[in-house]
Amino acid sequence: MPIPATQFIWFNGKLVPWEKATVHVLSHALHYGSSVFEGVRAYETPRGVAIFRLRDHTRRLFDSAKIYRIHMPYSAEAVNDACRQVIAANSLKRGAYLRPIVFKGYGEIGVSPKNDPPTDVAVAAWEWGKYLASHEEEEAGVDVCISSWNRVAPNTLPALAKAAGNYLSSQLIAGEARRLGFAEGIGLAPDGTLSEGSGENLFLVKDGVLLARERGLEVRECAIPRELLYLADEAFFTGTAVEITAIRSVDRIQIGAGKAGPITESLQNAFYGLFSGKTADKWGWLDYVDMSAPRVAASG
């Protein structure tokens, strides 16, 4: 889907006009994938715009950079503040999708150059709707398939890092699914068990069992064979972009009643209730943005 341009992007410590946030074509990340990033959502709430789990996302961003030994020139709080700045500076009062990204920029060429290229850091924000399903489709759910592409082995690329290169696998999985007429694809792990969607976590409900202790549900963590997905009572994706989206069929096999089941709906209501005020934020997950805060002068 097209990216709706906003006015400013935070780039290396300054707010710059959207069209001027550019990089050199010989940047290390463009050639070797030396980039880590996050996807973060901010929501409109009765108290104003709030970023969902900002500190957790930023911590993972720093963890990803550490795994790949990418030097971070800014503190975690500076990145958090940059996220708030781009929302306020762009007057995104109805909420936003944020994309913080850290990458090795222009300097020396080579997979592992003697002198490390400088690290560039940017944060962009724009309004972004539903990723896989519209509001109307959330109840019905989406149709997905098992991809012919497996996820990489854990000792091949570190899956714990949210690195741009990992998403080459995701492109193969998602692209295959779209060509076959599905909304999304699910990749298998190297051992043939279920892994995840191209950009989402995957959850199954079977006989009332799910990873959701907080909702009073029995929790069970285990490797899941492919065929158990067909036999699930409910299945759904979670993630920053996808939020909570029901799966109604896999490989044209109907899951449960072929729509969002009661546990999926319960979790959707609890999640979206955080932003309507119906669910208490007892975890401190909402980081409110002061939209009236003084804005840093943009660099032209």
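## The largest cavity

The largest cavity in this predicted model holds about 40 Å³ of space. Counting cavities of 30 Å³ or more gives one. Rolling a probe the size of a water molecule over the atoms shows where empty space is left.

The lining of the largest cavity consists of Asp233, Glu234, Ala235, Ala246, Ile247, Ile255, Gly256, Lys259, Ala260, Gly261 and Thr264. Sorted by class, five of the lining residues are nonpolar, three are polar and three are charged. Two strands, β12 (234-239) and β13 (243-250), each contribute at least two residues to this lining.

The phi of Glu243 is positive, near 60 degrees, although the residue is not a glycine. Is Glu243 buried or exposed? Its relative accessibility is 6%, and buried means under 20%, so Glu243 counts as buried.

Arg69 is another residue that is not a glycine and has a positive phi, of about 55 degrees. Arg69 is placed in the loop between α2 (54-67) and α3 (76-89). Arg69 has a relative accessibility of 70%, and because exposed means over 50%, Arg69 counts as exposed.

Strand β1 (residues 8-11) pairs with strand β2 (residues 14-17) through four bridges, in the antiparallel sense. Within this pairing, Trp10 has Leu15 of β2 as its bridge partner.

Gly13 lies in the loop between β1 and β2. Its relative accessibility is 35%, so Gly13 counts as partly exposed. Gly13 and Asp120 are 107 residues apart in sequence, yet their C-alpha atoms are 9.6 Å apart in space.

Strand β9 (residues 184-188) is mostly covered, with five of its five residues buried. Which residues of β9 point one way, and which the other way? Glu184, Ile186 and Leu188 point one way, while Gly185 and Gly187 point the other way, and all are buried. Strand β9 runs parallel to β8, and four bridges join β8 to β9. Leu188 in β9 is the bridge partner of Asn150.

The loop between β8 (142-150) and α5 (167-179) contains Ala159. With a relative accessibility of 65%, Ala159 counts as exposed. From C-alpha to C-alpha, Ala159 and Pro190 are 13 Å apart in space, and 31 residues separate them in sequence.

## Aromatic pairs and a cluster

A pair of aromatic rings is described by the distance of the centres and the angle of the planes. How many aromatic pairs does the structure hold? There are 16 aromatic pairs. One of them joins Phe271 and Tyr272 in an edge-to-face arrangement, 5.1 Å centre to centre with 65 degrees between the planes. Phe271 counts as buried because its relative accessibility is 14%, under 20%. Tyr272 has a relative accessible area of 22% and is partly exposed.

Phe271 also pairs edge-to-face with Phe275, at 5.1 Å centre to centre and with 90 degrees between the planes. Both Phe271 and Phe275 belong to helix α7 (residues 262-276), where they are four residues apart, about one turn of the helix. Phe271 and Phe275 are both buried. One aromatic cluster takes in Tyr43, Phe52, Phe271, Tyr272, Phe275, Trp283 and Trp285.

## Arginine over aromatic rings

Arg47 has its charged end over the ring of Tyr288, 3.9 Å from the ring centre. The charged end of Arg252 sits over the ring of Phe182, at 4.1 Å from its centre.

Technical notes: Residues are numbered from 1 along each chain as its sequence is written. This is a predicted model: local features need pLDDT of at least 70, side-chain atom pairs count only at pLDDT 80 or more; totals for chains, interfaces and linings use all residues. Side-chain values use heavy atoms; hydrogens and water are left out. On a 1 Å grid over the protein atoms alone, a cavity is a set of points where a 1.4 Å probe fits but cannot get out, and a pocket is an open set with protein on both sides within 12 Å along at least five of seven lines; lining residues have an atom within 4 Å of a point. Grid points are joined across faces, edges and corners, and a volume is the space filled by probe spheres set on the points. Ala, Val, Leu, Ile, Met, Phe, Trp, Tyr, Cys and Pro count as nonpolar, Asp, Glu, Lys and Arg as charged, and the others, Gly among them, as polar. Two strands pair if DSSP finds at least two bridges between them. Rings of Phe, Tyr and Trp (its six-membered ring) pair if their centres lie within 6.5 Å; planes under 30 degrees apart count as stacked, over 60 as edge-to-face and the rest as tilted. Buried means under 20% relative accessible area, exposed over 50%, partly exposed in between (1.4 Å probe, protein chains only). A charge sits over a ring if NZ of Lys or CZ of Arg is within 6 Å of the ring centre and within 35 degrees of the ring normal.
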